[in-house]
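Subject: Structure handover and notes

Hello,

Here is the structure I said I would pass on. My notes on it follow below.

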Amino acid sequence: CTTEMSLIILTGLTKAFGGLTAVDNLEFSVQEGEITGLIGPNGSGKTTTFNLITGILNPDSGTVMFNGMDITGDSSYEVARRGLGRTFQITRPFGRLTVFENMLVPNTEMRTYSREQEDLIWSILEELDIDHVAENKADELSGGQQKLLELARVLMLNPKLILLDEPAAGVNPALMDDIIERIHGLNEQGTTFLVVEHDMSVMNELCDRLIVMDSGR
Ligand code: ADP
Ligand code: MG
């Protein structure tokens, strides 16, 4: 299919920590509309790659193109504003805030919120099937529900592409089926995903395409 568009293009991406080259002249692309998986052994550089794409780390060399723009070295704030969201290997919701309050955290400056924002929050919570725990403290949620809350918060920024780092880690298999279904639903509505995950049965159900990393390549 020649109408495909690359949403992410990595060229010659390299990052060393002291003598260890964690990401080594890495090249790959992610096609718009697809769910792409990134697999590889522990320490092969998957999380570092996510950190380089989302501006948490600066590459030593190479470029990151997103949606036709060169975003190499842009701050994570700028990257998020341009439509590239991510979740983390270890979730970190604000535990003492409710689920609903967590959804407001991307707008920390605001003491109040509009009716429009409130509607958006409820529609996302419903889409991910966590609206019934909206008034619960985030600490009280199961591991899987916390993953969904993290995804819900990312969706507040209406991203074109979402990077998921180990969405199945710490989630019971029954809820994982649910999470897979939600990700497919969002994908059908147009969101592109790049997913790091060890569980190959999850990857098999989720991904259109797999990229294999080994020793940063
Ligand atoms: P993966 O996510 O594939 O398990 P990582 O990207 O986390 O791999 O790590 C790749 C390599 O880089 C590992 O050897 C890891 O120990 C090293 N590494 C990652 N982050 C740092 C850091 N901040 N400082 C030093 N070494 C790091
Ligand atoms: Mg990792």
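Glutamate 166 sits in the loop between β7 (161–165) and α6; helices (H or I, at least four residues) and strands (E, at least two) are DSSP runs, numbered from the N terminus. This is a predicted model, in which local features need pLDDT of at least 70, side-chain atom pairs count only at pLDDT 80 or more, and totals for chains, interfaces and linings use all residues. Residues are numbered from 1 along each chain as its sequence is written, chains are lettered from A and ligands numbered from 1 in the order in which they are written, and side-chain values use heavy atoms, with hydrogens and water left out.

Backbone with positive phi

Most residues other than glycine have a negative phi. Glutamate 166 has a positive phi of about 55 degrees, although it is not a glycine. With a relative accessibility of 9%, glutamate 166 counts as buried (buried means under 20% relative accessible area, exposed over 50%, and partly exposed in between, with a 1.4 Å probe and protein chains only). Asparagine 67 is not a glycine either, and has a positive phi of about 55 degrees. Asparagine 67 belongs to the loop between β4 and β5 (69–70) and is partly exposed, at a relative accessible area of 28%.

Salt bridges

Side chains of opposite charge can pair when their charged atoms come close. How many salt bridges does the structure hold? There are eight, a salt bridge being a side-chain nitrogen of Lys or Arg within 4 Å of a carboxyl oxygen of Asp or Glu.

One of them joins aspartate 60 to lysine 15, with the closest N and O atoms 4.0 Å apart. Aspartate 60 is in the loop between α1 (46–53) and β4 (61–66) and lysine 15 is in strand β1 (residues 6–17), so this pair ties together parts that are 45 residues apart in sequence. Lysine 15 is buried, its relative accessible area being 13%.

Another salt bridge pairs glutamate 34 with arginine 209, and here the closest N and O atoms are 2.8 Å apart. Because glutamate 34 lies in the loop between β2 and β3 and arginine 209 in strand β9 (residues 209–212), the pair ties together parts that are 175 residues apart in sequence. Glutamate 34 is buried, with a relative accessible area of 13%, whereas arginine 209 is partly exposed, at 36%. Beyond residues up to four places away in sequence, glutamate 34 touches Glu4, Asn187, Thr192, Phe193, Asp208 and Arg209 (contact means heavy atoms within 4.5 Å).

Arginine 182 forms a salt bridge with aspartate 178, the closest N and O atoms being 3.4 Å apart. These two residues are four apart in helix α6 (residues 173–188), which means that about one helical turn separates arginine 182 from aspartate 178. Arginine 182 is buried, with a relative accessible area of 17%. A network of salt bridges links Asp129, Asp178 and Arg182.

Other positions

Glutamine 31 is part of strand β2 and is buried, with a relative accessible area of 11%. Apart from neighbours within four places in sequence, glutamine 31 is in contact with Glu4, Met5, Ser6, Leu7, Thr192 and Arg209.

Is glutamine 189 buried or exposed? Glutamine 189 is exposed, with a relative accessible area of 58%. It lies in the loop between α6 and β8 (192–196). Glutamine 189 and glycine 33 are 156 residues apart in sequence, with their C-alpha atoms 9.1 Å apart in space.

Asparagine 58 is in the loop between α1 and β4 and counts as partly exposed, at 46% relative accessibility. Leaving aside neighbours within four places in sequence, asparagine 58 contacts Lys15, Leu52 and Gly73. Its C-alpha atom is separated by 11 Å from that of isoleucine 71, which is 13 residues away along the chain.

Helix α7

Glutamate 205 is located in helix α7 (residues 200–206). At 46% relative accessibility, glutamate 205 counts as partly exposed.

Regards
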